[in-house]
Amino acid sequence: MNTMVFNVIASFLTGIGIRLICRLVPGLDMDMIMIGDIMLLIPGLAMTNSVRDILVGDTISGFLRLAESLLWAGALACGFMTAIWLSFSL
């Protein structure tokens, strides 16, 4: 499966799961749980390595890795955004 599609589906299902658990346990804060989960999934190491590649001189490889990392982060954000949007509209 494509990495982008996998990340959107995985983050969507994770967001729905967090929303359901927060509805069942009233003391949990959904926003803080989602922020913590997103922080773990954002490709920070890949972004750092891409900047290092750019600074070392591998500009094409660095820009491609940076673009891939930004698309990966965007896919995660879209999945969580869709989960939040659907859970609040129901």
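Trainee: Leaving aside its neighbours within four places in sequence, which residues is Cys22 in contact with?

Mentor: Contact means heavy atoms within 4.5 Å. By that criterion, Cys22 is in contact with Leu28, Asp29, Met30 and Ile33. Please bear in mind that this is a predicted model, in which local features need pLDDT of at least 70 and side-chain atom pairs count only at pLDDT 80 or more, while totals for chains, interfaces and linings use all residues. Residues are numbered from 1 along each chain as its sequence is written, and side-chain values use heavy atoms, with hydrogens and water left out.

Trainee: Is Cys22 buried or exposed?

Mentor: Buried means under 20% relative accessible area, exposed over 50%, and partly exposed in between (1.4 Å probe, protein chains only). Cys22 is buried because its relative accessible area is 10%. Cys78, by contrast, has 40% relative accessibility and therefore counts as partly exposed.

Trainee: How many disulfides does the whole structure hold?

Mentor: A disulfide is a pair of cysteine sulfur atoms within 2.5 Å. The search finds zero of them.

Trainee: Which residues form the largest nonpolar core?

Mentor: A nonpolar core is a set of buried Ala, Val, Leu, Ile, Met, Phe, Trp, Tyr and Cys residues joined through side-chain atoms within 4.5 Å. Here the largest has five residues, namely Ile18, Cys22, Met30, Met34 and Phe80. Two or more of these residues come from each of α1 and α2.

Trainee: Which residues of α2 are buried, and where do they lie around its axis?

Mentor: Helices (H or I, at least four residues) are DSSP runs, numbered from the N terminus. In α2, the buried residues are Met30, Met34 and Asp37. They lie on the same side of α2, because they cover an arc of only 65° around the axis; the arc is that of the directions from the helix axis to the C-beta atoms. Met32, Met39 and Leu40 are exposed on the other side of α2. The cover over the buried residues includes α1 (3-24) and α4 (59-89).

Trainee: Where is Ser50 found, and what does it touch?

Mentor: Ser50 belongs to helix α3 (residues 44-56), and it counts as buried because its relative accessibility is 0%. Its side chain reaches the backbone oxygen of Met47 at 2.6 Å. Not counting residues up to four places away in sequence, Ser50 touches Gly62, Arg65 and Leu66. Just after α3, Gly57 takes a positive phi of about 130°.

Technical notes. Polar contact = N/O pair within 3.5 Å; in protein donor to acceptor, adjacent residues only side chain to side chain.
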